[in-house]
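Here's a quick briefing to read with the model open in your viewer. Take a look at the fold, then work through the points below.

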Amino acid sequence: MPSVKIQGPYARNLAYSRLSARTWQMTNARNDWTREEARALHDLPLTDLLFRAQEVHRATQPRDAVQLCSLLSIKTGACQEDCSYCPQSSKYDTGVEAERLMDVADVLGKAREAKEAGASRFCMGAAWRSPKKGSRQFQQVLEMVRGVRALDMEACVTLGMLDDEQTRELRDAGLTAYNHNLDTSEEYYGEIITTRTYKDRLDTIGRVAAAGISVCAGGIIGMGESIDDRVGMLVTLANLAPQPESVPVNALVAVPGTPLGDRKPVDPLELVRICAAARIMIPGARVRLSAGRASLSREAQLLCFMAGANSVFFGDKLLTTGNPDHDADLSLLRDAGLSALVPASDAAE
Ligand code: SAM
Ligand code: DTB
Ligand code: SF4
């Protein structure tokens with residue numbers, strides 16, 4: 001595995017970007033976006049939209065650093081929820097084999113490998129509606145979080161809906177961020193998921209923020225939603241107080257067997273617009289170019305970076321589907337003159 005301790009002018013980026021993002025958040029982030037102005041922004045001529053996104057990007061983020069996050073499915077398949085996009089729902093026959101929660105030591109081994117390969121954040125996903133109250137599995141997840149933090153990596157988990165106690169325990173374990181996506185607009189949500197509501201989603205996000213854990217929340221495009229649905233989702237995210245620390249922008253990976261298995265891929269330029277609008281509306285966030293990257297050209301990915309995306313999932317697998325491999329991503333960064341964000345303590349070495 002290649003070791004990529006990317007240093008250089010942005011070696012202090014992780015610490016710098018948090019400070020800069022928070023400063024911007026306090027002074028410039030707005031929580032009063034209307035759908036009309038967000039739609040007008042989204043629909044700008046693309047070069048104007050990119051220009052505005054670059055202005056915000058350069059004022060708030062290290063301008064040429066991309067955070068590499070590695071993702072691991074710690075508990076796969078057999079989920080009770082019916083999310084129409086998801087290969088892990090038990091309602092659909094997608095060929096994904098259900099697996100029990102992984103051992104803590106195996107997960108930490110993967111985290112160590114990810115760090116060695118250049119990742120500064122380790123994200124763990126479980127196909128749960130919510131973690132079982134007082135379960136041994138939840139205690140194991142807490143151990144995983146503590147272990148990842150001890151490696152001096154940011155730790156993120158996505159485990160479904162949380163109650164107050166679980167949220168506090170995750171915070172006390174040192175969790176950096178909790179991923180809980182809105183996926184689409186409130187109006188379109190019922191077309192995609194019927195086993196929970198938008199309000200359920202917002203409640204968990206509110207609990208996470210109230211406990212002092214950073215919120216990672218974003219969505220998916222390419223599920224048959226309208227542009228107004230995409231903009232509506234961004235407005236809901238931007239008007240959260242505090243705004244999310246990171247915003248994953250996923251392009252649907254159409255998995256055969258799911259209700260959305262036949263959907264045509266979105267035009268990459270539509271993804272560029274969402275990245276740019278997210279950068280402008282949620283200026284302090286890491287905008288994470290997430291699922292769907294395996295079908296994007298290098299040029300399309302670079303346009304997303306110009307639009308303000310500054311984080312990707314790094315490694316050849318997302319949860320159950322494919323992603324560009326390490327070499328492809330490292331050569332993309334190198335050829336574009338971008339660098340990987342390194343943990344603050346590494347930068348200080
Ligand atoms: N079960 C938890 C939940 O739903 O919050 C965590 C795991 S879930 C797989 C995490 C996110 O992955 C979803 O909210 C969705 O945004 C994204 N996702 C899942 N399947 C996808 C697909 N086929 N294409 C794009 N994004 C997908
Ligand atoms: C997010 O928004 N995207 C990631 C992460 N958060 C957990 C998951 C993408 C999953 C894509 C389908 C799969 O690999 O199963
Ligand atoms: Fe379950 Fe999450 Fe997949 Fe929905 S997105 S089916 S909650 S794993």
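Does Y198 count as buried or exposed? At 4% relative accessibility, Y198 counts as buried, where buried means under 20% relative accessible area, exposed over 50% and partly exposed in between (1.4 Å probe, protein chains only). Bear in mind that this is a predicted model, so local features need pLDDT of at least 70 and side-chain atom pairs count only at pLDDT 80 or more, while totals for chains, interfaces and linings use all residues. Residues are numbered from 1 along each chain as its sequence is written, chains are lettered from A and ligands numbered from 1 in the order in which they are written, and side-chain values use heavy atoms, with hydrogens and water left out.

**The overall picture**

- The chain has 13 helices and 10 strands; these are DSSP runs numbered from the N terminus, with helices being H or I of at least four residues and strands E of at least two.
- Of its 349 residues, 59% count as buried.
- Take the contacts (heavy atoms within 4.5 Å) with a sequence separation of 6 or more: residues 24 or more positions apart account for 77% of them.

**Aromatics**

- Searching the whole structure turns up one aromatic pair; rings of Phe, Tyr and Trp (its six-membered ring) pair if their centres lie within 6.5 Å, and planes under 30 degrees apart count as stacked, over 60 as edge-to-face and the rest as tilted.
- That pair is Y189 with Y198, edge-to-face at 5.1 Å centre to centre and 70° between the planes.
- Y189 is buried too, with a relative accessible area of 3%.
- Over at W33, the charged end of R30 sits over the ring, 4.3 Å from its centre; the test is NZ of Lys or CZ of Arg within 6 Å of the ring centre and within 35 degrees of the ring normal.

**Nonpolar cores**

- A nonpolar core here is a set of buried Ala, Val, Leu, Ile, Met, Phe, Trp, Tyr and Cys residues joined through side-chain atoms within 4.5 Å.
- The largest one has 97 residues, and Y85, L170 and M281 touch the most other members.
- Helix α10 (residues 268–281) supplies the largest share of this core, nine residues.
- Leaving out residues up to four places away in sequence, Y85 touches D183, I192, I193, R196, I220, M223, L252, V253, T258 and L260.
- There's also a second, separate core of eight residues, with L71, A291, F313 and L318 among them.

**Helix α5 and what packs on it**

- Helix α5 (residues 136–150) has 15 residues and reaches 21 Å from its first C-alpha to its last, close to the expected 21 Å, which is 1.5 Å times one less than the number of residues.
- Its buried residues are F138, Q140, V141, L142, M144, V145, G147 and V148.
- Their cover includes β1 (65–75), α4 (104–117), β2 (121–126), β3 (154–158) and α6 (164–172).

- D152, in the loop between α5 and β3, has a positive phi of about 65° although it is not a glycine.
- At 31% relative accessibility, D152 is partly exposed.
- D183 also has a positive phi without being glycine, near 70°, and lies in the loop between β4 (177–179) and α7 (186–192).
- D183 counts as buried, at 3% relative accessibility.
- The peptide bond from A241 to P242 is cis, with omega near 0°; you'll find P242 in the loop between α9 (227–238) and β7 (246–251).

**Buried polar side chains**

- H57 belongs to helix α3 (residues 46–60) and counts as buried at 1% relative accessibility.
- The H57 side chain makes a polar contact with the side chain of R279 at 3.1 Å; such a contact is a pair of N or O atoms within 3.5 Å, where within protein one must be able to donate a hydrogen and the other to accept it, and residues adjacent in sequence count only if both atoms are side-chain atoms.
- Neighbours within four places in sequence aside, H57 is in contact with P62, R63, R279, G308 and N310.
- R293, in the loop between β8 (286–289) and α11 (298–306), is buried at 1% relative accessibility.
- The side chains of R293 and D329 are joined by a polar contact of 2.7 Å.
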